[in-house]
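Here is a colleague's note to read beside the model. Please keep the sequence and the 3D view open.

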Amino acid sequence: MAVDLLLGLQWGDEGKGKIVDVLTKNYDIIARFQGGPNAGHTLEFDGIKHVLRTIPSGIFHKNNVNLIGNGVVIDPVVFVKELEGLDQYQIDYKKNLLISRKAHLILPTHRLLDAASEASKGKAKIGSTLKGIGPTYMDKTGRNGIRVGDLEFDNWEEKYRALADKHEAMIGFYNVNIEYDLADLEAEFFSAIEILKTLTFIDSEEYIAQAQKDGKTILAEGAQGSLLDIDFGTYPFVTSSNTTAAGACTGLGVAPNKVNGVFGIFKAYTTRVGSGPFPTELFDDVGATMAKVGNEFGAVTGRPRRCGWLDLVALRYAVQINGVTELIMMKADVLSGFEKIKVCTAYNYNGKNVEHLPYSIDAAHITPVYIELEGWNDDLAGITNETDLPKALNDYISFIENELQIPITIVSVGPDRTQTIHRNSR
Ligand code: IMP
């Protein structure tokens with residue numbers, strides 16, 4: 001069986017957790033392939049709200065296997081807290097949650113290095129979630145990292161000590177004031193490692209290959225979004241992994257010709273958390289209303305998210321890079337009440353209108369070109385059928401489909417599992 005991918009097409013926070021949870025019933029295995037606890041995947045059902053960080057969003061369905069792939073970076077301390085948060089749900093982790101031996105570990109000193117690096121950048125800071133993601137991927141590509149599989153060998157603590165000592169020396173080089181007590185952090189880290197070791201570690205690429213041979217259905221769950229991709233995002237204001245479709249191949253060991261559906265998820269508007277260019281960002285009451293109605297605060301850091309109109313130039317780019325086959329539109333309900341809805345269809349780049357994403361999308365180089373569509377006033381929260389959607393929203397959906405030439409198969413009208421409209425007419 002081929003693997004389906006679910007990916008964020010903007011700057012993250014599109015609502016991947018909710019949709020993975022909704023789609024899980026169609027799959028045997030849900031597999032995360034990149035990122036780490038910088039992600040906060042929010043799920044709401046039965047009056048409960050739950051934020052997952054490293055664990056795939058299929059975990060609440062008892063019949064699925066959830067796999068943390070080799071492309072993910074795991075902070076044992078955060079991971080154990082995540083497990084504790086799930087205690088009340090009687091999940092059989094030994095069976096339902098598998099971890100790739102090739103996934104890299106985030107050490108306490110990776111978090112400290114992240115903090116030192118950001119502090120040293122001053123105003124040019126990335127706006128990192130400070131979870132140690134960048135330094136951990138640096139050690140991975142620098143071939144210094146410690147992997148989950150190392151925990152099965154006796155000498156891993158020697159490797160740990162050498163690496164942590166090196167990190168401490170590096171923190172010194174940044175010449176910034178970072179206060180920490182490494183002994184405390186290490187006590188917490190080593191006790192979390194003992195809990196991590198009680199879980200099932202596997203050769204995940206082998207497991208996935210076998211599952212495919214056995215006809216099992218697999219959904220690969222992305223984290224962050226395409227514009228935060230280390231290669232194709234708004235560098236350097238990006239995360240440190242490939243968040244795009246190719247990342248699912250390297251982050252799970254899935255061959256490109258074994259990828260089937262690519263589900264691209266986007267909000268009906270745009271948000272961004274952290275620094276970096278954002279062409280359609282709004283600094284007025286409209287942006288403030290989107291933030292308020294959409295409850296746009298980071299699930300991991302609580303930081304307010306920047307808000308703006310839908311950017312079709314950026315979305316077209318993400319659709320192309322990922323080979324998106326179906327689109328999923330989130331938070332349509334948040335746009336209810338605006339008299340007019342604007343959509344950016346092109347950028348004016350050095351005096352010329354362009355429809356592709358140029359090398360720099362800094363405000364100094366581009367100005368967004370908008371068209372205006374009619375808004376709608378209806379409260380969408382209780383709508384469960386596509387035929388009940390307001391005409392203006394249907395027109396908005398058709399406009400986007402037409403521009404991108406990809407069908408929108410799901411429209412989400414609220415955070416709960418039940419507030420999900422499948423567009424069967426598509
Ligand atoms: P880092 O990956 O934590 O180093 O953060 C790098 C950039 O990616 C920052 O702008 C973060 O705000 C952003 N970022 C990282 N993870 C997420 C996410 O899950 N959602 C949205 N933005 C994220």
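The points below cover the sheet, the hairpin, the helices, the loops and the spaces.

1. **Ground rules.** This is a predicted model, in which local features need pLDDT of at least 70 and side-chain atom pairs count only at pLDDT 80 or more, while totals for chains, interfaces and linings use all residues. Residues are numbered from 1 along each chain as its sequence is written, and side-chain values use heavy atoms, with hydrogens and water left out.

2. **The open sheet.** Start with the sheet of 10 strands. It is open, its pairing is mixed, and its order is E9-E7-E5-E2-E10-E1-E11-E15-E19-E20. The edges are held by strand E9 (200-202) and strand E20 (420-422), and each has a single partner strand, so one side of each lacks a neighbour in the sheet. From one strand to the next, the twist averages 25°. Strands (E, at least two residues) and helices (H or I, at least four) are DSSP runs, numbered from the N terminus. Two strands pair if DSSP finds at least two bridges between them.

3. Which strand does E20 pair with in the antiparallel sense? It is strand E19 (residues 408-412), joined to E20 by 3 bridges. Look for Ser412, which stands opposite Thr420 in E20.

4. **The hairpin.** E16 also pairs with strand E17 (residues 352-354), antiparallel, over 3 bridges. Tyr347 stands opposite Val354 in E17. The hairpin of E16 and E17 has 2 residues between the strands. Check Asn350 in this hairpin: its phi is positive, near 50°.

5. **H4 and its neighbours.** Two packed helices are described by the angle between their axes and the distance between the axes. Axes are lines fitted to C-alpha atoms, for helices over the stretch in contact, and angles run from 0 to 180 degrees between N-to-C directions. The axes of helix H4 (residues 108-121) and helix H6 (residues 156-174) come within 9 Å and cross at roughly 15°. H4 is therefore roughly parallel to H6 (an angle under 35 degrees; over 145 is roughly antiparallel, 65 to 115 roughly perpendicular, the rest oblique). The crossing of H4 with H6 is left-handed: the near helix is turned anticlockwise from the far one by less than a right angle, and clockwise would be right-handed. Now take helix H5 (residues 133-141): its axis and that of H4 come within 7 Å and cross at roughly 115°. That makes H4 roughly perpendicular to H5. H4 passes H5 in a right-handed crossing.

6. **H6 and H7.** How do the axes of H6 and helix H7 (residues 182-196) cross? They cross at roughly 150° and come within 14 Å. H6 is therefore roughly antiparallel to H7. The crossing of H6 with H7 is right-handed.

7. **Two loop details.** Asp46 is not a glycine, yet its phi is positive, about 45°. Asp46 sits in the loop between strand E3 (41-45) and strand E4 (48-52). Next, find the cis peptide bond between Tyr235 and Pro236, where omega is about 5°. Pro236 lies in the loop between strand E10 (218-221) and helix H9 (245-252).

8. **The second largest pocket.** This pocket holds about 290 Å³ of space. It is lined by 14 residues, and the closest to its centre are Gly233, Thr234, Tyr235, Tyr359 and Ser360. Note Tyr235 again: it is also in the cis bond to Pro236. On a 1 Å grid over the protein atoms alone, a pocket is an open set of points with protein on both sides within 12 Å along at least five of seven lines; a cavity is a set where a 1.4 Å probe fits but cannot get out; lining residues have an atom within 4 Å of a point.

9. **The cavity.** How many cavities of 30 Å³ or more does a search of the whole structure find? The search finds 1. The largest cavity has a volume of about 30 Å³. Its lining is Leu9, Gln10, Trp11, Leu227, Thr270, Asp311, Ala314 and Leu315.

Key: Grid points are joined across faces, edges and corners, and a volume is the space filled by probe spheres set on the points.
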